[in-house]
Amino acid sequence: MQLKLNYVLQCRKFKIMFYKDGVCVMIDGIGAFPIEPLKGRFDGKTMVITGGTSGIGRATVIRAAAEGGNVVFGGRNLERGQQVLDEVKAVGGKAIFVPGDLRDIKNVKELYARAEKEFGEIHIAVNNAGIIGPANAIYEVDAPEFIEVIENNLYTMFYCCKEAFEYMDKTGKGGSIVNVASIAGRAGMPLGVAYCSSKHAVNGMTKAIAMDGAVKGIRCNSINPAGSSTPLNDATSDYYRAKFTKLAKEGVDVKEYTANTLGLAKVCPPLYKRPSVPEEQAAAILFLASNDSRHITGAIVATDGGFTAY
């Protein structure tokens, strides 16, 4: 099978090579698209952000702090957490890093308790932590792999949404919860049975929480990116490379396998013909977190550059 290159999109951490045969491959690249903060938008507001040490979470932490928010963020990597704290300081903001694996509900409770202890009432929650997981079809994935993705993407989302809701509810002042889902939560994806399952569930949870919170003034929405220049998407590239290398060693025709899996994916690119950058996703998150979106709840917002528009 001869693959014919259609065009290449390049962004900060990777570039996507689109082939006419329907295959797309992500490899390392460069680029940046800065977005200016809105000073004072979150003055006096306390915000808890998970997955805040890299990618979309990191961009959200830095911008929220630059806009006056009291930010408490979580993550697993101590070194990256400190780097984000340094970046927050550089923009004149304030933030606290609470490390921990959110699959353990004790760490979720510690995160929120620390936020309340330091800043008082909690007004905003951004639930961003998650993983991609191995690129396997239903006939390839095993139960432990599937469960790992569900634990990281769905269980942690439930723990964090529940904790945020309870802290907001006890103030009687409402609040805003923003969940980071994916286009994989709005459509099917080849080799993504675990990831798609987790993100569809996140969007269902988002709508249900919006209904539970309506009479209490607690809003809940999700954003749904397509490809974005983040370490998480870099990991996707690594999964594909490792998988294709393994298949080749096993004597599998990789081009044929790819055509029968990734080749079934949507061939058309986003309308903007490039992946997003974390700062663009952070802009959408913080709009939904702010009072500017006070009449929006239960929305599954497509922040995908038009990928799901057609």
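Start at glutamate 121: its relative accessibility is 30%, so it counts as partly exposed (buried is under 20% relative accessible area, exposed over 50%, partly exposed in between; 1.4 Å probe, protein chains only). This is a predicted model, in which local features need pLDDT of at least 70 and side-chain atom pairs count only at pLDDT 80 or more, while totals for chains, interfaces and linings use all residues. Residues are numbered from 1 along each chain as its sequence is written, and side-chain values use heavy atoms, with hydrogens and water left out.

Next, select lysine 173, which forms a salt bridge with glutamate 121, the closest N and O atoms being 3.0 Å apart (a side-chain nitrogen of Lys or Arg within 4 Å of a carboxyl oxygen of Asp or Glu). Lysine 173 lies in the loop between α4 and β8 (175–180), and glutamate 121 in the loop between α3 and β7 (124–127), 52 residues apart. Lysine 173 is exposed, at 60%.

Move to helix α4 and pick glutamate 166 and lysine 162, which are 4 residues apart, about one helical turn (helices are DSSP runs of H or I, at least four residues; strands are runs of E, at least two; both are numbered from the N terminus). Their salt bridge has its closest N and O atoms 3.1 Å apart.

Now select Tyr112, Ile177 and Ile209: of the 29 residues in the largest nonpolar core, these touch the most other members (such a core is a set of buried Ala, Val, Leu, Ile, Met, Phe, Trp, Tyr and Cys residues joined through side-chain atoms within 4.5 Å). Helix α4 gives the most to this core, with 10 residues.
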